[in-house]
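User: I have a model open and want to learn how to read it. Can you take me through its features one at a time?

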Amino acid sequence: MADVEFKGVRKAFGDHIVIPGLDLTVQDAELLVLLGPSGCGKSTLLRLLAGLEQPTDGEIRIHGRPVDGLGPRARNIAMVFQNYALYPHLTVRGNLEFPLRMRGMPRAGRERGMLEAARALGLEPLLEKRPAELSGGQRQRVAMGRAIVREPDVFLMDEPLSNLDARLRVQIRAEIGALQRRLAVTTLYVTHDQVEAMTLGDRVAVMRDGVIQQLGRPAELYDRPANLFVAGFLGNPPMNLLEPTFERRDGERMVRLGGTWARPSAGIPERVRYVGIRPEAFSISASGNSGGARQDRLEIQGLVDSVEVLGHERIVYLRVPEPVVELSDGPGPWRSAEGLLAARLTGSPVRKHGESVTLTAPAAGMHWFDEDGNAIPTDVR
Amino acid sequence: MSRTSALLRVVLAYTLLLACTLVFIAPVLFMIIGSLKPDALVLAEAGSLRAFLPDTFSLDNYRAVFERVPFGAYLLSSLIVNGLIVGLGLLVNAFAGYALARLRWWGRGAMLGLVLAVLVIPFEAIAIPLFYQLSWLGWRDDWLVQAIPFVANPLAIFLFYSFFLGLPRELEEAARVDGAGVLSTFFLIVLPNAKAAFASVAIVLFLFHWGMYLWPLLMTTSEGVRPLPLGIANFYTLPPLQWGDIMAFGVLMVLPVLILFVVFQRWFVRGVASTGVKG
Amino acid sequence: MIRRSRFTEAPAAWLLMAPGLVGLMLFLLLPFALAVVLSFTNLRMASPLPLEFVGLANYTLAFQETALPRALLNNLLFALVVVPAQTALGLALAVLLDRPLRGRTVFRTLFFLPVVFPLSLIAVVWVLIFAPGPDGLLNAALGVLSLGLWEPRDFLNDPSWALPAVMLTSIWQGVGFQMIVLLAGLQAIPRQLYEAAAIDGAGRWRQFLHVTLPGLRNPLIFVVIVTTILSFRVFDQVRIMTRGGPQDASNTVIHEMVRTAFDQGHVAMGAAMSVVFFVVILGIALAQRRLLRQRGEVS
């Protein structure tokens, strides 16, 4: 069942268009993550739904009811802010009670609702403290408590974990996930952190420049990125992107990837402008092999540039003779960078700087993109 | 740099500071000590060190202040008038400053322009027509007429406006999402967190109006509603001229300000540094 | 479909704005408009003549037959002396206090003290300090300092001393204000700038010229403008200390305006002086805006 719908929503601040026109449907009880770099319009989308901003154009529905023109008060939504926005002059009790007070709930009901939320988040011992006396994690919980206290139709979370240290972030991330499943309230969750998005989201919408690049389950986005942006945004280190060069030699179609010639058998169609390979798709092949690609494998030669040891695995950066492609922050989606490939390797011996290495990846591990950066399905080969 | 020259520098700095202190403190000491001396000696001893080291102390002058002029009435008037100006002024100007800083409404730009424009109109330029305007209404010679015209203050509106602009927006947005309307957000969330602005503006308003002289001079005739600055000017022209009494009056007049100053020094400094209107 | 009323903050905004707006209209804008209108009439206090428009007569007469030109000149002199003197002193005090000295908050408090005193009180105390004869505090002090060479005089009744006496009083009262603003400005200059200048070989004086003064540009402009405006608003001290005398030697625009309108009952002429005064203040305010805008273009 559709619970929140954006239809042709456009938002401009003066001449500056933040969202050029967007459709999105959020299912009932779903946790949908809006993921993207800063300035991509994900927070604006949240604020439009909250009623803190009004769309320039288009319609938003909650539970099938159009809410345009309504203020935040009339929408029955709850929001967790990035800095928590706890009321500094009120105690934890006062903060938790505030939404109930604003609904005009009588004192007894308020007390009951407040205690219920406090219990759900383990805040009971802190009720008489003020926000300034709380730790970061406690503040975060109070903000959550204030959101759940009055059973809203929709939860909005705007980077709720970004002010926490790494360990607390993992812990509270899990708590948020559990809480959301238990309460089964439709939730929109904004973040720029792909790990949060992948672990929490039922579905994830990757945004850029106010446009949803791809919407799907986390595994879908990772395994079948719809375009170069999604491919490069998800994954750490990001997907390696190479520009293939096609040439005819002795009547045979050849392709060169990252400076290594291959027979055409890699099966790459000529309209492919970018080939993507995830770092974990690589393994090290016995050196001195003929190079190039077999029917089902792909090989690339290079020199070890540096190695990052991450415990059970290591990331080897390989210098190849040709530039590779990197996502850019500026205009235009991608640019050429120095020829470094990343390979995530387990169990192979430590490589030293300058050592010559041949990486190999299964042809099935390739992602193809056309000149506009859109994915070309690899199963039509 | 050698140690001796550093030491010399400190000694020099202190010497200069102490010399300045003497200049700043002498008139004040002169007033305080004069208030404790017999009237005739204030002027007679002004030229000698006796001005600062009297041989007799008495509180006679203070008694005289209450006996010769209605000091209590002056003080009460000053307190009431300033209480009204500061109390009402804080509310009215904070309201306006908030509407200008935070709310989205048609007319906001024009109103902000108006406030900034009238900021340059000095009170002295409108004292005469305002006197006429209010006299036509038959409104004069009471406490309210000394206070009400100064409640709405473009400078105070501007100070509140800047303060609210600098307040993090998220608190108000959270309140809105939590179901508060515009007014309840303002009263329940913004006001309790704007104490710094209120303190600064209160002090600026108080400083500016405690010494107010021209307007009450124009608007009041009965001693019962006249404030302290008129009192001391009046006392000063009241024969026989008794300097000890006048100094005692001065000490009493400045005492409330001094107490406030010592207690709220931080806010005084901040308030004045942010405005610079006192004159 | 029912057209929902659009959510708007306008009613609340007008509600909050209303009291302030009414106040500004009634007690600032309206009287200001009235001042302009009255300045073109023949209104006098308790006059039997019917109200008439007399064109620019008040303005011409004000400049020809009242002390207004002298008063304007006095205000100008006042500004020319008080503004530089007070700013320089304020800067000196601020620089002295902008170092880790023991007891600097005490000094700061003492220097700032006169700013919180009502001007009327300060005026009265200084009348006593300027008392005539060898027993006057200032006369006596100058006598001691000059080893008896100082000829005691009646400062406030001496045409060449009355205005300087008022100036001195004003400087003493207001310098603490300059000091506080400039001190805040000094403390906002990053220490690294001084350290960098010192490493580059700049001595104290060069550091002051090339780091301190440029860093203080905005606070300096601010205090200069404010003090200039205040120099044209001088009234309380003059009224109490000299009543503008002797022979208008210490008269000021506002004092002349009040005297014309209230002591002599010539309201319309007083209103004309208000307008002249406002034009002067407006000119200063516009100059300030231009100065600050230039800043914006440079940086």
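Analyst: We begin with domains. Domain bounds come from an automatic or database domain assignment. This is a predicted model. In chain A, the assignment gives domain 1 (2-229) and domain 2 (240-380).

User: How many Å separate the centres of domain 1 of chain A and domain 2 of chain A?

Analyst: Taken over C-alpha atoms, those centres are 39 Å apart. Contact between the domains involves five residues of domain 1 of chain A and 10 residues of domain 2 of chain A. On the side of domain 1 of chain A that touches domain 2 of chain A, four residues are nonpolar, one is polar and none is charged.

User: Which domains does chain B have?

Analyst: The assignment for chain B gives domain 1 (3-64) and domain 2 (70-238). The C-alpha centres of domain 1 of chain B and domain 2 of chain B are 37 Å apart.

User: How should I read confidence?

Analyst: Where pLDDT is low, the predicted coordinates should not be read in detail. Chain B has a mean pLDDT of 83, and 90% of its residues reach 70 or more. Among the elements of chain B, helix 4 (residues 71-102) has the highest mean pLDDT, 93. Helix 15 (residues 265-273) of chain B has the lowest, 67.

User: What is chain B built from, helices or strands?

Analyst: Chain B has 15 helices and zero strands. Of its 279 residues, 50% are buried. Take contacts in chain B between residues at least 6 apart in sequence: 75% join residues at least 24 apart.

User: How many helices does chain C have?

Analyst: Chain C has 13 helices and zero strands. The radius of gyration of chain C is 25 Å, well over the 19 Å that the globule rule gives for 299 residues, so chain C is more spread out than a compact globule. The C-alpha trace of chain C spans about 85 × 70 × 30 Å along its principal axes. In chain C, 43% of the 299 residues count as buried. Among contacts in chain C between residues at least 6 apart in sequence, 68% join residues at least 24 apart.

User: Why is helix 5 (residues 119-129) of chain C described as largely enclosed?

Analyst: Look at burial again. In helix 5 of chain C, 11 of the 11 residues are buried, so the helix is largely enclosed by the rest of the structure. Among these buried residues are C:Ser120, C:Leu121, C:Val124 and C:Trp126.

User: Now the cores. Which residues touch the most other members of the largest nonpolar core?

Analyst: They are B:Phe160 and B:Ile232, in a core of 167 residues. Domain 1 (3-64) and domain 2 (70-238) of chain B each supply at least three residues to this core. Apart from that core lies another, of 103 residues, including A:Leu52, A:Phe81, A:Val204 and A:Leu228.

User: What is B:Ile232 in contact with, leaving aside neighbours within four places in sequence?

Analyst: Within chain B, the partners are B:Ile246, B:Phe249, B:Gly250 and B:Met253. From chain C come C:Ser120, C:Leu121 and C:Val124.

User: How many residues do chain B and chain C bring to their contact?

Analyst: Chain B brings 73 residues and chain C brings 74. Helix 1 (residues 3-34) of chain B gives the most to the side of chain B that touches chain C, with 11 residues. That side of chain B has 60 nonpolar, 10 polar and three charged residues.

Notes:
Residues numbered from 1 in each chain as written. Chains lettered and ligands numbered in written order. Predicted model: local features only at pLDDT ≥ 70, side-chain atom pairs only at ≥ 80, totals over all residues. Contact = placed C-beta atoms within 7 Å. Helix = DSSP H or I, 4+ residues; strand = E, 2+ residues; numbered from the N terminus. Nonpolar A, V, L, I, M, F, W, Y, C, P; charged D, E, K, R; others polar. Buried ≥ 20, exposed ≤ 12 C-beta atoms within 10 Å, placed from the backbone. pLDDT = per-residue confidence, 0-100. Core = buried A, V, L, I, M, F, W, Y, C linked by C-beta atoms within 7 Å. Rg over C-alpha atoms; globule rule 2.2 N^0.38 Å.
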